[in-house]
Amino acid sequence: ESLGEMSLMTGERRPASVVAATHCTLIIVNRSALQQMLVTRPELAQEIADLVDPGGGGSQSGSNVTLRLHQALACGPMWFAYTGGMALNEHLGARREFLLVGKGLCECADALEEAKTGTVVASSASWQHVSHRFEGERLPGGNFLVISRRLGAPKVGLPNIPKRMHVHTSWPFLKNYCHEGARDLQDVSDFAADVRRMTVLFVSLHLNLSSPDLATLHQTHKALLEIQQAIYKRRGTLRQFLQDDKGLVAIAVMGMPPFSPHDNDPVRGVLAAIAMRDGLNQIGIRVSIGVCTGIAYSGFVGCATRKEMCAVGSIVNMSARLMSKAGDNGMLVDHETWSHSTMMVDFTQVYRPNAELDPNVVKERMHSEALQSLSVDNLPDE
């Protein structure tokens, strides 16, 4: 294995770090030593270039994973809301979310359903505003596939960039909107990353956000407080709370900074899921929840001017798919979560063919294992 090939060639700072899982032999090659070797072995330059970009086209990462993109465009009435406010502890302070909800996001999600890899799809409402600039084709769902820019279309005007906020004076306020694990790590974000075992909870709230009003936003605020109470009591963190193509979704994680991974993360995640469902049901909100345990990346993503603390890995995708299959007020967990929680929580087996959960995504993780559905019978005292 090698690390830092791009830095060796360009002299730029390395964007990645590594932690050895076993004893190993480490060989360090600096730029001056490399230049001397290239004098006698110029073919090394091509070999290093192949390491940096195996495909030669820049569309793949070093692990030969092809990155694909499909996009959607929509417009419509939107609400901005400041939600949440519960604190994980006195030191970290309150955690809030700046939430954007409304018809525009609902239409964007519908357009995204019709977008295939490498395409851009515009909703019918947004197409009315851009059709004079672009060529397009109407799709069966009423959205429009953007094909190309019209010849002679005028340039698009850009809004003025607002004056920079005084970050140092605003930081105590802005800090409330940062992930708890990121608040004390912003100065060392290039190093505050690792691959660890975590338990991820995807929670879908069954709320109609196509035409929200103040009452809906107030209920959304109460819902986030219930979610925070359930997850913080069991020493988890809130990853995100947002409206996306799955509706209004909360993502919570056990074992993510500022906490370290623990063997009982799965059972605490299950108990938090049950507490969330019960608490949200009491305020009239039904949910669907998926829980998955495994290895994932925890750290910062983004550029120097905009970074975000994230959890990335197949278990995140899996928990989202379990949530989508859980049904009304249902909860599903994967086999690893079940195996670490079955001594404390009663489960009911739910066998589903792999094909129902998209075999291209889950076949390597699930094989022929049964999915598990939570039962609230005989819950232990926490």
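Q: In which strand does Tyr-82 lie?
A: The model is a predicted one, and in it Tyr-82 is among the residues that make a nonpolar surface patch, together with Phe-80, Phe-98, Leu-100 and Phe-173. At least two residues of this patch come from each of β2 (78-87) and β3 (94-102). Tyr-82 itself lies in strand β2.

Q: Is Tyr-82 buried or exposed?
A: A residue counts as exposed when its relative accessible area is over 50%. Because the relative accessible area of Tyr-82 is 57%, Tyr-82 is exposed.

Q: Which residue meets the side chain of Arg-150 in a salt bridge?
A: Arg-150 sits in the loop between β6 (144-149) and α6 (167-174), and its partner, 15 residues apart from it, belongs to strand β5 (residues 134-138), so that the pair links distant parts of the chain. The distance from N to O is 3.0 Å, and the partner is Glu-135.

Q: Is Arg-196 buried or exposed?
A: Arg-196 forms a salt bridge with Asp-194, their closest N and O atoms being 3.0 Å apart. Asp-194 is partly exposed, with a relative accessible area of 29%. Since buried means under 20%, and the relative accessible area of Arg-196 is 13%, Arg-196 is buried.

Q: In which helix do Arg-268 and Asp-265 both lie?
A: The side chains of Arg-268 and Asp-265 meet in a salt bridge, with 2.2 Å from N to O, and both residues are buried. They are 3 residues apart, about one turn of the helix, and that helix is α8 (residues 265-282).

Notes: Residues are numbered from 1 along each chain as its sequence is written. This is a predicted model: local features need pLDDT of at least 70, side-chain atom pairs count only at pLDDT 80 or more; totals for chains, interfaces and linings use all residues. Side-chain values use heavy atoms; hydrogens and water are left out. Patches are made of residues with over 30% relative accessible area and no salt bridge: like charges are joined within 9 Å, nonpolar side chains (Val, Leu, Ile, Met, Phe, Trp, Tyr) within 5 Å. Accessible areas come from the Shrake-Rupley method with a 1.4 Å probe; for residues, only the protein chains shown count as cover. A salt bridge is a side-chain nitrogen of Lys or Arg within 4 Å of a carboxyl oxygen of Asp or Glu. Helices (H or I, at least four residues) and strands (E, at least two) are DSSP runs, numbered from the N terminus. Buried means under 20% relative accessible area, exposed over 50%, partly exposed in between (1.4 Å probe, protein chains only).
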